[in-house]
Amino acid sequence: QKKRVLRVGDVVVDLSSREVRVKGEVVPTRSKEFDLLYTLVQHAGMVLSRDQLLNLVWGYDYYGETRTVDVHIAHLRSKLAGGQVRIETVWGVGYKLVY
C-alpha cells in the first residue's frame, strides 16, 4: 500500500489527486515529472542512479535515453525553486532529494 500523501519540507505530493504543492501553492507537473518527484520524495536523502530512476519511474522495459531523467530533473528543479526542497546531483552516481 503506497502512502497517499508525502511531505518533505514545504513540498506535499498527493498521490490521490496527483497534485504537488510547494509552500501551499499547486505546482502543475506532467505525469512523469509527478512520478519522478514522488519517487525522489519516497527516497528523500538517498542517492538514486539514473538507472534506478528509469526502472522505478519509467519501468524496466524503458529503452529510452538516460538523458530523459536529466531533462525531467531540470524541469522539477525549476518547479521546486524558491522552496526548501531541492534535487542535488551526486556526480558520477545520480540524484538525491534534500531539504
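In this predicted model, helix α2 (residues 50–58) packs against helix α3 (residues 67–80) at an angle of about 80°, and their axes lie 9 Å apart. Because angles of 65 to 115 degrees count as roughly perpendicular, α2 is described as roughly perpendicular to α3. On the α2 side the contact is made by Arg50, Leu53, Leu54 and Trp58, which meet Arg67, Thr68, Val69, Asp70 and His72 of α3. Sorted by class, the contact of α2 with α3 comprises four nonpolar, two polar and three charged residues.

Within α2, the buried residues are Leu53, Leu54, Val57 and Trp58. Viewed down the axis of α2, these buried residues fall within an arc of 100°, so they line one face of the helix. An α-helix has 3.6 residues a turn, so residues three or four places apart point the same way. The cover over the buried residues of α2 includes α1 (31–42), β5 (48–49), α3 and β7 (94–98). After α2 comes Gly59, which has a positive phi near 100°.

The description now turns to the core. The largest nonpolar core contains 27 residues, and those with the most contacts inside it are Leu37, Leu40, Ile87 and Leu97. At least two residues of this core are supplied by each of β1 (5–8), β2 (11–14), β3 (19–22), α1, α2, α3 and β7. The largest share, six residues, comes from α1. Apart from its neighbours within four places in sequence, Leu37 is in contact with Val13, Val20, Leu76, Leu80 and Leu97. In soluble globular proteins, nonpolar side chains tend to be buried together.

Notes:
Residues are numbered from 1 along each chain as its sequence is written. This is a predicted model: local features need pLDDT of at least 70, side-chain atom pairs count only at pLDDT 80 or more; totals for chains, interfaces and linings use all residues. Side-chain values use heavy atoms; hydrogens and water are left out. Axes are lines fitted to C-alpha atoms, for helices over the stretch in contact, and angles run from 0 to 180 degrees between N-to-C directions. Helices (H or I, at least four residues) and strands (E, at least two) are DSSP runs, numbered from the N terminus. Angles under 35 degrees count as roughly parallel, over 145 as roughly antiparallel, 65 to 115 as roughly perpendicular and the rest as oblique. Contact means heavy atoms within 4.5 Å. Ala, Val, Leu, Ile, Met, Phe, Trp, Tyr, Cys and Pro count as nonpolar, Asp, Glu, Lys and Arg as charged, and the others, Gly among them, as polar. Buried means under 20% relative accessible area, exposed over 50%, partly exposed in between (1.4 Å probe, protein chains only). The arc is that of the directions from the helix axis to the C-beta atoms. A nonpolar core is a set of buried Ala, Val, Leu, Ile, Met, Phe, Trp, Tyr and Cys residues joined through side-chain atoms within 4.5 Å.
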